[in-house]
Amino acid sequence: MSEIKKFMYVNRKAPYGTVYALESLEVVLIGAAFDQDVSLAFLDDGVFQIMKGQDTQGVGMKNFSPTYSALGDYDVTKLYVERESLEERGLTLDDLLPLKYEDEDDDWAEKDSIKLVSREELAGLMEDQDVLLNF
Amino acid sequence: MTLEVNGKTFETDEEGYLADLNDWEPGVAEAMAQAEDVELTSDHWEIINFLREYYEEYQIAPAVRVLTKAVGKKLGKDKGNSKYLYELFPYGPGKQACKYAGLPKPTGCV
């Protein structure tokens, strides 16, 4: 039996301009096949990755933000967003994509994947991880 | 590589996946299936169309596990299992059905 490890993908960069956000998302989707305890953290400019209403026509890159809505299907259901990072950018939870998942253990009830956490709480969550992957 | 369908030429990658999914038309799926000796039935089309809708919404080709679950939810439990999907697409519902649907190879599929 392989042991289940806690993996956290830490996303700190804006979605476009560098390839980090897209790479992170692809690794998450691939890694989801391995049945580990996976969570994602969005902080600093990383919070822009899951903003609503992205339009990439002007930058000539594919808008991959709809893919975050598929994370629930991949059983990736813990998306931690740092409250301070949102506030520093004048954003609120309403500016983010309404990401949901269906809880298998609760009669497939639809639940929010995004959890707002303080900087201090996020630091604690990071402490608990076996593996942190920074993007 | 290229694929000829009804006098039109389509660009594909080295594994036969369509280079630009916007070029797709049903004839592309027919031609790809024919090359693999598969006769497309309405059951095949149901999955191909499902994949195209999935891509339209999420911008990815789903992993087999995810496809199976999603098909089960949308089309019923008798279709949402790997036996059913592999019978339709013996080369793997991820790879083969996505190819016919004009989608890229599923992320993480080798």
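A:F48 counts as buried, because it has 21 C-beta neighbours inside 10 Å. That residue is a handy way into this structure, which is a predicted model. A:F48 sits in the loop between strand 2 and strand 3 of chain A.

**Around A:F48**
- Leaving aside residues up to four places away in sequence, A:F48 touches A:A14 and A:P15.
- A:L99 is 51 residues from A:F48 along the chain, and the C-alpha atoms of the two are separated by 14 Å.

**The sheet in chain A**
- Chain A has an open sheet of 5 strands, lined up in the order 6-3-2-1-7 with parallel pairing.
- Strand 6 (114–117) and strand 7 (131–134) of chain A are the edge strands; each has a single partner strand, so one side of each has no neighbour in the sheet.
- Ignoring direction, neighbouring strands of this sheet are turned by 25° against each other on average.
- Strand 3 (residues 79–82) of chain A is joined to strand 6 of chain A by 4 bridges, and the two run parallel.

- Helix 1 (residues 20–31) of chain A has 12 residues and reaches 16 Å from its first C-alpha to its last, close to the 16 Å expected at 1.5 Å a residue.
- The buried residues in helix 1 of chain A are A:A21, A:S24, A:L25, A:V28 and A:L29.
- Looking down the axis of helix 1 of chain A, you'd find its buried residues within an arc of 135°, so they line one face of the helix.
- Those buried residues of helix 1 pack against strand 1 (6–11) and strand 2 (37–42) of chain A.
- Helix 1 of chain A lies across these two strands, and it runs at about 160° to strand 1 of chain A.

**Chain B as a whole**
- Chain B has 5 helices and 2 strands.
- Start at the N terminus of chain B and the elements go β-β-α-α-α-α-α.
- A compact globule of 110 residues would have a radius of gyration near 13 Å, and chain B agrees because its own value is 13 Å.
- Along the principal axes, the C-alpha atoms of chain B fill a box of roughly 40 × 25 × 25 Å.
- Of the 110 residues in chain B, 30% are buried.
- Take the contacts in chain B between residues at least 6 apart in sequence: 48% of them join residues at least 24 apart.

**Helix 3 of chain B**
- The 12 residues of helix 3 (residues 64–75) of chain B should span 16 Å at 1.5 Å a residue, and the end C-alpha atoms are 15 Å apart, which agrees.
- In this helix of chain B, B:V64, B:V66, B:L67, B:T68 and B:V71 are buried.
- The cover over those buried residues includes helix 2 (42–58), helix 4 (82–88) and helix 5 (93–100) of chain B.
- Just after helix 3 of chain B comes B:G76, with a positive phi of about 105°.

Key:
Residues are numbered from 1 along each chain as its sequence is written. Chains are lettered from A and ligands numbered from 1 in the order in which they are written. This is a predicted model: local features need pLDDT of at least 70, side-chain atom pairs count only at pLDDT 80 or more; totals for chains, interfaces and linings use all residues. The expected span of a helix is 1.5 Å times one less than its number of residues. A residue is buried if 20 or more other C-beta atoms lie within 10 Å of its own, exposed if 12 or fewer, and partly exposed in between; C-beta atoms are placed from the backbone. The arc is that of the directions from the helix axis to the C-beta atoms. Two residues are in contact if their C-beta atoms, placed from the backbone, lie within 7 Å. Two strands pair if DSSP finds at least two bridges between them. Axes are lines fitted to C-alpha atoms, for helices over the stretch in contact, and angles run from 0 to 180 degrees between N-to-C directions. The radius of gyration is taken over C-alpha atoms; the globule rule is 2.2 Å times the number of residues to the power 0.38.
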